[in-house]
Amino acid sequence: MKRAEAGEPVEISLRINGEKVTCRVPPHVTLLRFLREYVGLTGTKEGCSAGECGACTVLFNGRAVNSCLVLAVEADGANIRTVEGECRNNRLSRLQELLDKHHAVQCGFCTPGMIMSIRDLLARHPKPTLRQIQEGIEGNFCRCTGYVQIIEAILEYTGQLKKKGELKRVRG
Amino acid sequence: MIREFSYQAPRKQKELLDILASERENARVLAGGTDLLVNIRLGLQHPRIVVDIKKIREHTAIRFDEKEGLSIGAAVTINEVMENRDVQKHFPALVEAAKVLASHQLRNRATVIGNLCNASPCADMAPPLLCLDARVEIVSDSGRRNLPLEAFFAGVKKTRLTPGEYVERIVVPPRWADAGGGFRKMKRVRGHDIGVLSVCLTKKGPLRRVAVGSAAPTPVLVGEFRGRVSTEEVIRKAMRRINPIDDVRGSAEFRRFLTRRYVAELMKEVR
Ligand SMILES: Cc1cc2nc3c(=O)[nH]c(=O)nc-3n(C[C@H](O)[C@H](O)[C@H](O)COP(=O)(O)OP(=O)(O)OC[C@H]3O[C@@H](n4cnc5c(N)ncnc54)[C@H](O)[C@@H]3O)c2cc1C
């Protein structure tokens with residue numbers, strides 16, 4: 001077996017939002033950096049780079065992961081989805097529209113990662129309970145304290161929001 | 001910036017063992033990477049070669065049968081354990097601990113065996129697996145051996161693995177299947193957080209086992225108790241076995257308090 005030198009680029013091939021991408025990348029480059037700097041998809045954000053904040057969340061073969069803690073080379077052959085895969089023909093997805101409608105976006109930094117966690121949540125629980133929503137997004141920090149609005153947007157998306165503002169009184 | 005290294009993802013165990021045998025200390029096994037990549041980034045570890053074990057098919061297996069018990073391969077994630085029907089049916093303590101380990105997206109990557117090999121005193125999978133008497137199956141190019149989990153931990157972030165070895169899987173014996181079980185973990189926040197202290201208790205027939213996390217250099221098995229035993233007796237033994245410290249997450253006194261409290265709660269709750 002030929003031994004690669006440390007840092008020597010490796011060719012990887014993966015699908016990003018359905019499109020096939022082939023690229024050479026050094027092994028120490030994270031999936032996060034790869035998406036932003038090699039592919040030019042800067043929707044995915046770098047927050048803490050230590051798995052705490054969730055700003056870098058993407059879907060890896062359908063499951064939400066912190067892309068700061070995945071190497072790009074590990075994604076060889078994988079199916080990746082990022083926030084850029086949300087809009088179609090330059091129109092926001094319904095989930096994005098509802099986040100907007102409920103003022104669930106203030107600074108917007110957590111939103112791309114939040115959306116990917118919500119996608120993972122909804123794939124597991126099409127009609128999530130409040131507790132399931134809270135657990136589903138617990139790895140995504142919003143520091144503008146917009147959780148109530150985010151949860152309302154999710155509940156409207158799944159047709160479960162009865163009255164706007166009702167969540168303000170709930171402590172789950 | 002992460003330091004440079006080379007990367008290999010063998011598809012056969014033989015290849016993996018060859019790499020580990022020739023690279024020794026220069027190689028680091030990569031499972032979910034949720035500890036390793038953080039450590040490399042912080043400069044705490046600097047492997048020359050990172051060996052991804054997830055492409056070896058056998059490592060992804062999780063299975064239960066009444067003869068062997070529960071076998072969890074090296075690439076099985078925390079969420080895969082939690083979602084597994086057999087685990088839900090036969091090993092409730094494992095599910096409870098898995099549920100509160102890190103966040104959902106970390107659990108999608110983090111492996112059970114990575115959690116044990118990282119050997120942090122606060123590893124959440126350790127107390128339930130100590131209670132369930134798990135065995136660790138270790139392989140190298142010169143053969144295999146296995147250790148009870150209790151003997152696998154050697155100190156803070158230290159295991160009994162030697163260069164060239166890795167953990168292929170862990171096995172929970174069938175005698176602990178269908179044990180009642182409970183897990184308590186104190187966190188500083190309601191969201192995801194490393195534990196301040198945790199206690200696990202399992203009970204099957206006349207046998208009870210109790211383990212404590214974040215209260216000593218390694219996760220601690222307090223012991224096995226048979227028949228009628230008072231809560232005070234279990235607490236007394238736990239107090240003798242733990243050796244907590246003051247740190248950023250809590251004081252030693254708080255940890256002793258939580259140990260007493262959680263043992264008492266679980267003695268009542270787990271039947
Ligand atoms: C933000 C954050 C929150 C966290 N919260 C928690 C928490 O609440 N509770 C908790 O317990 N942990 C927590 N962790 C720690 C971590 O997620 C877990 O310990 C996880 O289970 C590690 O598994 P992994 O597969 O990611 O391990 P890796 O990072 O891949 O490996 C960990 C170590 O074990 C070695 N290793 C891995 N597999 C093997 C093997 N098969 N044989 C030999 N050596 C091996 C690696 O070389 C490395 O040294 C957290 C981490 C982060 C970043």
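## Ligand site

In this predicted model, the ligand lies between chains A and B. It is surrounded by 34 residues, of which the closest are Val29(B), Gly32(B), Thr34(B), Asp35(B) and Thr111(B).

Polar contacts to the ligand come from chain B at several points. A polar side-chain atom of Asp35(B), one of the closest residues, lies 2.6 Å from an oxygen atom of the ligand. A nitrogen atom of the ligand is 2.7 Å from an N or O atom in the side chain of Asp124(B), and a polar backbone atom of Val167(B) lies 2.9 Å from a nitrogen atom of the ligand.

## The sheet of chain B

Chain B contains an open sheet of 4 strands, arranged in the order E11-E12-E13-E14 with antiparallel pairing. Strand E11 (180–186) and strand E14 of chain B stand at the edges, and each has a single partner strand, so one side of each is left without a neighbour in the sheet. From one strand to the next, the twist averages 10°. Although E14(B) is an edge strand, this stretch of residues 220–226 is mostly covered, with 5 of its 7 residues buried.

At one end of the strand order, E11(B) pairs with strand E12 (residues 197–204) of chain B in the antiparallel sense over 7 bridges, and Gly180(B) has Lys203(B) in E12(B) as its bridge partner. Strand E13 (residues 207–213) of chain B pairs with E14(B), likewise in the antiparallel sense, over 6 bridges; here the bridge partner of Arg208(B) is Phe225(B) in E14(B). E13(B) and E14(B) form a hairpin with 6 residues between them, and in the turn Ser214(B) has a positive phi of about 60°.

## Helices against the chain B sheet

Helix H10 (residues 231–241) of chain B has a buried set consisting of Val234(B), Ile235(B) and Ala238(B). These residues cover an arc of only 100° around the axis, which puts them on the same side of H10(B). An α-helix has 3.6 residues a turn, so residues three or four places apart point the same way. The buried residues of H10(B) pack against E13, E14 and helix H11 (252–269) of chain B, whereas Glu232(B), Arg236(B) and Arg240(B), on the other side of H10(B), are exposed.

H11(B) lies across E11, E12 and E13 of chain B and runs at about 25° to E12(B), while helix H5 (residues 92–99) of chain B lies across E11 and E12 of chain B, running at about 20° to E11(B).

## The sheet of chain A

In chain A, 5 strands form an open sheet in the order E2-E1-E5-E3-E4, and the pairing is mixed. Its edge strands are E2 (19–25) and E4 (63–66) of chain A, each of which pairs on one side only. Neighbouring strands of this sheet are turned by 40° against each other on average, direction ignored.

Within the sheet, strand E3 (residues 57–60) of chain A and strand E5 (residues 79–81) of chain A pair in the antiparallel sense over 2 bridges, and the bridge partner of Leu59(A) in E5(A) is Arg81(A). Helix H3 (residues 111–124) of chain A packs on the sheet, where it touches E3, E4 and E5 of chain A, and its direction makes about 35° with that of E3(A). Helix H1 (residues 31–38) of chain A lies across strand E1 (10–16), E2, E3 and E5 of chain A, and runs at about 105° to E2(A).

Definitions and conventions:
Residues numbered from 1 in each chain as written. Chains lettered and ligands numbered in written order. Predicted model: local features only at pLDDT ≥ 70, side-chain atom pairs only at ≥ 80, totals over all residues. Heavy atoms only, no water. Buried < 20%, exposed > 50% of the residue type's maximum accessible area, 1.4 Å probe, protein only. Pairing = 2+ DSSP bridges. Arc of directions from axis to C-beta. Contact = heavy atoms within 4.5 Å. Axes fitted to C-alpha atoms, helices over the stretch in contact; angles between N-to-C directions. Near = heavy atom within 4 Å. Polar contact = N/O pair within 3.5 Å; in protein donor to acceptor, adjacent residues only side chain to side chain.
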